[in-house]
Protein chains: 2
Amino acid sequence: MNIVLTGDRPTGKLHIGHYVGSLKKRVSIQGKYDKSFIMIADTQALSDNALNPEKVRDSVIEVMLDYLSVGLKPELNTFFIQSLVPELAELTMYYMNFVNLGRLSRNPTVKAEMKQKGYGDQIPVGFLCYPISQAADITAFKANLIPVGDDQLPMIEQTNEIVRRINNHFNKNILVECKPLLSNVKRLPGIDGKAKMSKSLNNAIYLSDNRECISRKVMSMYTDPNHIRIEDPGNIEGNVVFKYLDAFDPNKDEVEKLKKHYEKGGLGDVTIKKRLIEVLDQELNPIRLRRQQLEENKDELLIMLKEGSEYARTIASDTLAELKKVFYLNY
Amino acid sequence: MNIVLTGDRPTGKLHIGHYVGSLKKRVSIQGKYDKSFIMIADTQALSDNALNPEKVRDSVIEVMLDYLSVGLKPELNTFFIQSLVPELAELTMYYMNFVNLGRLSRNPTVKAEMKQKGYGDQIPVGFLCYPISQAADITAFKANLIPVGDDQLPMIEQTNEIVRRINNHFNKNILVECKPLLSNVKRLPGIDGKAKMSKSLNNAIYLSDNRECISRKVMSMYTDPNHIRIEDPGNIEGNVVFKYLDAFDPNKDEVEKLKKHYEKGGLGDVTIKKRLIEVLDQELNPIRLRRQQLEENKDELLIMLKEGSEYARTIASDTLAELKKVFYLNY
């Protein structure tokens with residue numbers, strides 16, 4: 001049995017970084033495995049947005065719109081909302097007894113995010129514990145294949161540690177170890193050239209951006225600050241326009257030619273930016289059109305998510321019941 | 001509305017330290033307030049007993065037997081099992097976002113217990129978080145009166161911090177602050193003279209101990225190591241027999257006379273120990289008899305606990321629903 005679980009924190013609309021890094025992969029593998037669960041992780045999103053829950057709530061539907069717009073299909077995936085599966089909270093509580101503070105604090109992904117957010121020991125305990133919550137999400141559905149980037153590998157390792165610790169101690173294969181489905185796509189930088197595209201850095205192009213908005217963002221894109229006159233030789237390294245062309249332009253040969261021309265001199269930023277606008281618009285236009293259609297029936301999306309959550313609950317309940325049996329909690 | 005919540009971790013039978021420090025108080029106040037909840041905290045017990053859940057399970061019924069034996073009445077209290085109210089796990093997860101790691105690590109009660117158990121950063125995350133879990137237990141039932149010893153005051157403070165943080169931010173009095181119902185009883189030392197009576201230190205007298213067992217434990221009790229011959233002057237300070245007589249002997253005048261006699265010399269340890277055996281047996285005999293009767297119908301106790309838990313769920317669900325509304329999780 002091959003079961004896939006993926007998901008996103010609903011803290012805003014999804015951007016083309018999500019699309020290139022994760023959503024395209026999910027679309028390409030859908031239907032290839034026995035089951036696929038896609039979780040909108042509202043509870044996890046609250047772990048560092050506790051004082052701004054309205055943003056999280058609004059984003060739940062936006063993320064669902066993005067999912068369906070890029071071509072993820074309800075008949076091939078179970079979409080659900082994390083908080084509507086309370087068994088995940090119970091599992092998290094039990095798993096918290098199998099992980100110690102030192103191990104959690106040394107998790108490289110948590111450490112990097114703590115540093116990025118400048119938390120120090122002011123880190124909300126819920127945020128610190130999100131790897132445990134993720135372990136609950138994965139194991140509840142006995143998911144064994146997790147599409148991730150390599151920055152998420154410590155999460156897989158933490159999950160498997162919990163799985164092994166419980167299975168070994170209770171001498172029973174209740175939980176299932178998982179492995180990463182690594183995507184070999186490089187992370188897309190923000191339009192300002194920063195390594196990470198994110199809402200908070202205000203450097204993202206969203207799947208729902210219209211053509212005018214895309215144009216504006218591409219025209220402001222970071223290229224080569226020393227490439228001042230067209231005839232100057234330009235630098236490809238760190239040049240966001242070329243990074244995006246690499247990711248989106250279907251004509252790889254033409255992109256290589258353009259790179260050479262740019263490096264030699266004589267190719268202006270405006271020319272390559274205009275090409276990128278066309279390329280992006282071609283990729284995003286069908287997604288945008290589907291999104292517009294779907295937006296007319298937001299209520300239906302919520303119904304779909306609730307039904308998915310009900311189904312997800314039945315699976316998570318079964319796993320919880322198995323665990324409660326070995327934990328002697330089956331009163 | 002005055003609502004009382006108390007409870008115990010089921011990690012063994014209850015001992016006379018629990019009786020003097022807490023159970024007698026609970027019996028004396030039962031029926032005096034609008035509602036009273038008594039929780040058997042199996043989930044919390046697992047936070048440092050994850051690898052030994054069978055002990056926790058067995059202790060659930062033992063603790064319930066102890067409760068009813070000392071005179072806590074089902075018609076005046078709702079008895080329930082923590083893990084049978086999964087809303088408490090959900091509340092804990094949400095509260096974890098409102099408490100930071102620094103605050104939690106500085107909790108004096110947690111610090112003391114961490115030191116006692118020698119955890120360091122090997123502390124299970126579930127154990128570290130138990131003050132948050134207690135805040136969930138208290139607030140779920142909108143309990144405003146918590147019978148505690150003064151070592152538990154930091155827990156009350158942590159709970160009220162969460163209450164204020166949520167109520168203030170969402171500008172609505174959803175949660176209720178609580179205050180301690182302090183008992184002015186001094187903690188009963190173990191029979192070996194150590195400050196804490198506990199199962200793990202093997203220095204406890206249990207409510208369920210029979211007369212022979214009590215005699216043996218009292219006869220081995222720590223008195224004054226320098227009081228070798230009967231005619232020697234003896235020391236009252238740190239003398240466990242006199243501490244217990246202070247706690248249990250109804251004849252205070254006689255105890256004062258015995259103390260003076262002991263200090264002067266001429267009163268043997270065996271004499272005061274025999275008195276203590278009588279005094280303890282008189283107090284514990286009716287409790288033991290009730291326990292024997294109740295033990296014949298353990299199944300009924302479990303039914304009672306399940307019914308109590310069902311009722312507790314209805315209350316906890318209401319509180320959770322109110323919170324989910326302001327957290328925008330009312331899909």
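**Exercise 1.** Are B:F37 and B:F80 buried or exposed?

*Solution.* Apply the accessibility classes: buried is under 20% relative accessible area, exposed over 50%, and partly exposed in between (1.4 Å probe, protein chains only). B:F37 is buried, and B:F80 is buried as well.

The model is predicted: local features need pLDDT of at least 70, side-chain atom pairs count only at pLDDT 80 or more, and totals for chains, interfaces and linings use all residues. Residues are numbered from 1 along each chain as its sequence is written, chains are lettered from A and ligands numbered from 1 in the order in which they are written, and side-chain values use heavy atoms, with hydrogens and water left out.

**Exercise 2.** Describe the backbone and setting of A:N171.

*Solution.* Step 1: most residues other than glycine have a negative phi. Step 2: A:N171, not a glycine, has a positive phi of about 55°. Step 3: A:N171 lies in the loop between α9 (153-169) and β5 (179-182) of chain A. Step 4: A:N171 is exposed, with a relative accessible area of 70%.

**Exercise 3.** Characterise the interface between domain 1 and domain 2 of chain A.

*Solution.* Step 1: by an automatic or database domain assignment, chain A is divided into domain 1 (3-188 + 298-326) and domain 2 (211-292). Step 2: 13 residues of domain 1 are in contact with 10 residues of domain 2, contact meaning heavy atoms within 4.5 Å. Step 3: the two domains bury about 980 Å², 61% of it on carbon and sulfur atoms; buried area is the accessible area (1.4 Å probe) that two parts lose on being put together, summed over both. Step 4: in domain 1, A:I16, A:S69 and A:L188 lose the most area to domain 2, together 51% of what that side buries. Step 5: three salt bridges are counted between the domains, each a side-chain nitrogen of Lys or Arg within 4 Å of a carboxyl oxygen of Asp or Glu.

Note on methods:
Helices (H or I, at least four residues) and strands (E, at least two) are DSSP runs, numbered from the N terminus.
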